[in-house]
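Please read this briefing alongside the sequence and the 3D view. The points are grouped by topic.

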Amino acid sequence: MAYIEMRDVSFEYPGGFLAVDNINIQVEKGENLAIVGQNGAGKTTTVKMLNGLHRPSKGDVVIGEMNTKDYTTAQVSRVVGYVFQNPDDQIFHSTVLGEVEFGPKMMGLDEETVKKQVDYALEITGMEPFREENPYNLPLSTRKFVTIAAIIAMNTEVMIFDEPTAGQDLEGNIRLGRILKELHEQGKTVITISHDMEFVVANFERVIVMANKKVVTSGTPREVFWNFPALEQAMLKQPYVSRVCHTLGVGEDVITLEEAVAAIRARCV
Amino acid sequence: MGVVIEFKNVTYSYPLTDEPVIRDMSFTLEGGKFYGVIGENGSGKTTLCSLIRGFAPSFYKGELQGQVLVDGKPTVDYGPGELSLKIGYVFQNPFNQISGVKDTLFEEVAFGLENFGVPPEEIEERVVEVMKMTNILQLAEKNPFELSGGQMQRVALASVIVLKPDILVIDEPTSQLDPEGTESVFKIIEEMKKEKKTVILVEHKIDLVAEYADEVLVLKDGRLIRKDATAKVLTDMSLEKEGVQLPQMAILGNRLVESGVPLRYIPVTEAQACEVIGEAIRKGGK
Amino acid sequence: MWREKLQLHKTNPIAALYPSCKFLILCLYAVCSFVLGSIGVGEGDYPLFLIPWFFVVPILSAASGVWKRFVHAFRAVLFIAALILVVQALLIPSEKVVWQLGFLRIYQAGLKSGLSLSFSILNIAGMFVWLFQTTENKEFTRALEDSGMNYKAAYVFISSLQMIDVLGKNSRTIMNAQRARGVETEGNMIVRAKAFFPSLVPLIVGAITSSEERVLTLESKGFDVNGPKTSLFELKKSGKEPLAGGIAIVVTLAVIVGRIVVWVL
């Protein structure tokens, strides 16, 4: 059995709106996974079921030994951390440090462990220099890193990021990539929703494609981004370099810049 | 068309801050052109937009040195509301652009025209036309707050376009939208370009800037470090050191040239890439 | 065509009354409530006339065709009024004890004050619920503007009404964000109270930052332009206003005269 199991899961909002329709997802411990799809495909609802913010209307969500049905959200959140899309929904302390400390303190960890985890989180997110700043004096794209640090400091087994690349510049994207790599090396299970296909190719081993409240396909970026029926169904496009290679008929499985250069070069020189 | 916007040695700082956000900036923008504004976060892109629209300094206060001219007249000399007929402004957050007093989308889009006292018959005509163009007419009777982000952003665009401004300032309209929403917003912006409006667009999605912009302005630490034709700016690899994301196609083109594949020019868009790389492959003869 | 579609076509004659006429009825009703509340009945001087008088509110709502919406919105008021009645009756001491069960005592003065306060609330809040359930936001806006009120003040009034819904939605999102960080929001009152503060800060900060953008949005749409404005929505009088207002005035006069008669006798 996989570490995270979503079995025949559906979710209906009060009022009858069906947001997720009978999906099955397995995630192994230590995997890093991206979820892609248009808005309304059910991505956010799916990850909210993973940390207990939503309870499935049908089916089971099991994390390790824990069926989310039997625990409160606060309890599930000790195992599954979730960074919201909008940082302003969660920041409420007047310093970055206070904000980042809040989670581990709520978990009742001893002072030393709290300090260790907080320092680590500030360090890898690059928020160390802003320790004593008021988060609301920082630009939105930096505030996002504050909320990421706040979750990393909780040192949960699973971490979920909801569209972390939105509004980030080149430097921000590179920094996010570094953080994801570091967490992966630490053996964390990371699940990220993203609209940026280049970012997905660069940072994830496995991709789940969602469309119309269902899972369309799942596989490595290479499998997914050359699966045209699935992409069409989800109304997604290939990464730019794959598109060019596809149009020109060079390299039937290119997803990175390096591969594209090699494939084109082989045909020219 | 002539110059519509001119910055003359503009330095601007927000109230209660020591550091200026815009430093000694001088440039002109021509009517009917599409300008992309790029640069790192915190480089002053949004402030630049506020200055053009006159929100800085008239709303934000702060200290302005130099002059920002719209149609030859300093922005500070325009009366309240006067600039809204010249410049349409669309913000990043679609949600905050809903007026909050209208029950239906149709009335929401009509809001600006009502404020300017346009006769109801004309309002109806113009609103219908704009809603068709922005593809929201089928939603006309919905409550504005019930829409998705992409739909709201289209409403935001529609409700400024309906005022028929000659200039559109659009600040990161798609950062909270999915690919489909992004595409629908860019379709509208493209339509504006066809109607010969002057468009000033701040956008992180560089591949889309490459596709649509005539010229690109690059900002860094409050200074304008480049302003030139899109193809020229976005193929300049040295900009990566300045924290500027370059289009995937330009990076690919540069790498190919470095690795010995001769290209007639460095592409910035997908269509250009297919063209020049296709040529190179045919010449390579394999 | 569209302009026609945007107008309201109310079939119920009471709901279709002009907003200012409904407001007049509300004010007169409040006056009657005060007058009736001042009549003491029986040994304890209880304001018992307020109780039958209160039935006017639900009857009026039913007659206006908004019974269901009225009940839905009125439940909270009912709860508060009941709470006030109980608390006052038990806690305001006087010599005379009306009823006793173990250590619980209902005093005469407490019962009088509780009845007076809770039924005043029911009467007046009930009428407000009726007013808001029979009148759409855009009717209020137009009526306020037509009455010569500054359009900015009218905007503030109406947008705050709309924002209540939006803030409610935001506060749910924020609560969720707090739960995701280990704050218990499910459970007893103390647990909920503890969760209250963390959720308040983002709500307020969010409201402030969004209001800044909203101001600029309004400015972008020419809200500040001096000069005549037009409106797609036309607010018309239904023609029954003199009749409705007349009935209200006659009833009020009757109540006042009745009061004076009781007084003199």
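In chain B, strand 3 (residues 34-39) and strand 9 (residues 215-220) run parallel and are joined by five bridges. Strands pair here if DSSP finds at least two bridges between them; strands (E, at least two residues) and helices (H or I, at least four residues) are DSSP runs, numbered from the N terminus. This is a predicted model, in which local features need pLDDT of at least 70 and side-chain atom pairs count only at pLDDT 80 or more, while totals for chains, interfaces and linings use all residues. Residues are numbered from 1 along each chain as its sequence is written, and chains are lettered from A and ligands numbered from 1 in the order in which they are written.

**Strands of chain B**

- B:Ile38 stands opposite B:Val218, which belongs to strand 9 of chain B.
- Strand 9 of chain B is also joined to strand 10 (residues 223-229) of chain B, by six bridges, and these two run antiparallel.
- B:Lys220 has B:Arg223 in strand 10 of chain B as its bridge partner.
- Strands 9 and 10 of chain B form a hairpin with two residues between them, and B:Asp221 in the turn has a positive phi of about 45°.

**Domains of chain B**

- Chain B is divided into domain 1 (1-86 + 165-233) and domain 2 (247-286); the bounds come from an automatic or database domain assignment.
- The C-alpha centres of domain 1 and domain 2 of chain B lie 32 Å apart.
- Six residues of domain 1 of chain B are in contact with four residues of domain 2 of chain B, where contact means that the C-beta atoms, placed from the backbone, lie within 7 Å.
- On the domain 1 side of this contact, helix 7 (206-212) and helix 8 (230-234) of chain B each supply at least two residues, and helix 7 of chain B gives the most, with four residues.

**Chain A with chain B**

- 30 residues of chain A are in contact with 36 residues of chain B.
- Helix 6 (170-185), helix 10 (240-248) and helix 11 (257-268) of chain A each supply at least two residues of the side that touches chain B.
- Helix 11 of chain A gives the most to that side, with seven residues.

**Chain A with chain C**

- Chain A has 20 residues in contact with 17 residues of chain C.
- Helix 2 (73-76) and helix 3 (96-106) of chain A each supply at least two residues of the side that touches chain C.
- Helix 3 of chain A gives the most to that side, with three residues.

Technical notes
Contact = placed C-beta atoms within 7 Å.
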